[in-house]
Amino acid sequence: MSEEWIADRMHLIDASGIRKVFDLAAKMENPINLSIGQPHFDTPDSIKDALCQAVRDGKNAYSQTQGIAPLIGKIQAQVDESYGHADRQVFISSGTSGALMLVLNALVNPGDEVIIFDPYFVMYTHLTRLVGGKPVFVETYPDFSIDIEKVRAAITDRTKLILFNSPSNPTGHVASEEEIRALAELAAEKNIALVSDEIYRSFCYDEPFVSPAEYNEKVIVIDGFSKSHSMTGHRVGFVHGPQSVVQQMIKLQQYTFVCAPHPVQWAALTALECDISDRVDEYREKRNLMRDLLSEKYQISGAQGAFYMFIRTPWGTATEFCTAAIQNNLLIIPGNVFSGRDTHFRISYAQENPILEQGAAILNRLADHPM
């Protein structure tokens with residue numbers, strides 16, 4: 001039997017609940033799908049053209065592990081202008097998911113504690129456990145804001161790292177400048193690594209984006225092009241942080257991912273020049289549309305950014321409610337995929353407006369008819 005070969009660490013993680021929804025969607029005929037965690041628009045043509053040209057130009061072998069010099073140079077210049085930290089170094093990662101794997105492996109020892117805000121992106125808990133860390137959850141219900149005193153109370157002598165994500169998946173919450181500054185200063189005070197996942201930074205609809213790196217020069221930032229430029233399948237991201245940490249991440253990338261896909265790095269160079277403001281405006285309008293359609297019957301908090309809403313169920317558990325939605329040909333994701341609670345569900349409004357309107361109509365009908 002091959003089952004006995006499986007490493008113990010693999011039993012600490014489960015298949016993603018989101019993946020299960022995707023598998024279910026593949027079996028349904030024309031579902032109204034509000035579960036998708038990626039932009040509904042295609043990669044801009046200028047980026048596609050740059051990728052094709054890079055392939056034609058023979059940029060098909062490995063790049064340097066840390067990434068191609070033109071891309072690093074341009075991002076490093078932007079980072080230096082924004083933060084002015086002498087010790088802040090950039091490298092190119094194989095997506096932001098790859099960067100998360102690298103940073104946790106580079107920093108977390110078995111038994112170390114990692115503070116994670118609940119609700120959370122599903123990968124945070126699984127990767128933490130995979131490297132032998134212990135997730136420590138700080139709840140942000142009901143409005144998904146960060147209570148700094150709860151964070152302070154969660155810190156122990158085993159706390160190594162805080163994982164922070166704003167704008168947030170799944171809640172769409174954009175942390176205030178006050179929240180971010182307090183978190184950054186607390187991490188500095190306690191000498192705890194603060195990792196800021198900024199993959200949705202382009203999608204802030206009500207207030208400008210603020211990074212904790214503005215208040216703590218040791219913050220490790222993970223960013224990329226997947227959401228902002230609809231490049232989820234291209235697998236290219238970037239990291240910037242203290243050189244001592246970044247060098248360890250680069251070393252680990254050499255023996256795992258080797259490098260980010262070489263031709264895609266040249267496409268990312270073009271992406272840096274691509275204006276996506278029209279896409280941001282479009283998603284702001286979609287957010288407003290869904291909030292207007294649902295707010296009469298649903299309690300909606302967060303949703304200041306990204307393209308998600310994390311909505312309290314009007315009856316039953318989130319699992320029960322999402323099962324009823326699926327029976328009505330609507331795909332949404334139960335909150336227990338992202339949380340210790342099963343009280344909310346996530347929708348993505350990265351869809352065409354007619355589909356959003358159909359989905360909202362089903363949700364409003366379900367609110368009035370408990371199963």
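Visitor: Hi! Where is the place of His 234?
Guide: Hello! This is a predicted model, and in it His 234 sits in the loop between strand 7 (220–224) and strand 8 (237–242).

Visitor: Is that histidine buried or exposed?
Guide: His 234 is buried, because its relative accessible area is 18% and buried means under 20%.

Visitor: And what is His 234 in contact with, leaving aside neighbours within four places in sequence?
Guide: With those neighbours set aside, His 234 is in contact with Thr 43, Leu 51, Pro 261 and Val 264.

Visitor: Let's follow strand 2. How many bridges does it make with strand 8, and in what sense?
Guide: Strand 2 and strand 8 pair over six bridges, in the antiparallel sense. Within that part of the fold, Gln 89 has Gly 241 of strand 8 as its bridge partner.

Visitor: What about strand 7 and strand 8? How many bridges join them?
Guide: Four bridges join strand 7 to strand 8, and these two also run antiparallel. Gly 224 has Gly 237 in strand 8 as its bridge partner. As for cover, six of the six residues of strand 8 are buried.

Visitor: New topic: Met 249. Where is it?
Guide: Met 249 is in helix 8 (residues 243–254). Met 249 counts as buried, because its relative accessibility is 0%.

Visitor: What does Met 249 touch, beyond its neighbours within four places in sequence?
Guide: Beyond those neighbours, Met 249 is in contact with Phe 91, Ala 99, Leu 102, Val 103, Ala 106 and Val 239. Take Ala 99: it is 150 residues from Met 249 along the chain, and their C-alpha atoms are separated by 8.1 Å.

Visitor: On to helix 7. What span should its 14 residues have?
Guide: At 1.5 Å a residue, helix 7 (residues 177–190) should span 20 Å, and its end C-alpha atoms are 20 Å apart, so the two agree.

Visitor: Which residues of helix 7 are buried?
Guide: Glu 179, Ile 180, Leu 183, Ala 184, Leu 186 and Ala 187 are. Seen down the axis of helix 7, the buried residues fall within an arc of 160°, so they line one face. An α-helix has 3.6 residues a turn, so residues three or four places apart point the same way.

Visitor: What covers that face?
Guide: The cover over the buried residues of helix 7 includes strand 3 (113–118), helix 6 (148–154), strand 5 (159–165) and strand 6 (193–197). Just after helix 7, Asn 191 takes a positive phi of about 55°.

Visitor: What stands opposite Ile 300?
Guide: That is Ile 311 in strand 10. Two bridges join strand 9 to strand 10 (residues 308–312).

Visitor: Last one: in the largest nonpolar core, which residues touch the most other members?
Guide: Of its 79 residues, those are Val 151, Met 290, Ile 332, Phe 345, Ile 347 and Leu 363. Helix 12 gives the largest share of this core, six residues. Apart from it lies another core, of 33 residues, including Phe 144 and Val 195.

Technical notes:
Residues are numbered from 1 along each chain as its sequence is written. This is a predicted model: local features need pLDDT of at least 70, side-chain atom pairs count only at pLDDT 80 or more; totals for chains, interfaces and linings use all residues. Side-chain values use heavy atoms; hydrogens and water are left out. Buried means under 20% relative accessible area, exposed over 50%, partly exposed in between (1.4 Å probe, protein chains only). Contact means heavy atoms within 4.5 Å. Two strands pair if DSSP finds at least two bridges between them. The expected span of a helix is 1.5 Å times one less than its number of residues. The arc is that of the directions from the helix axis to the C-beta atoms. A nonpolar core is a set of buried Ala, Val, Leu, Ile, Met, Phe, Trp, Tyr and Cys residues joined through side-chain atoms within 4.5 Å.
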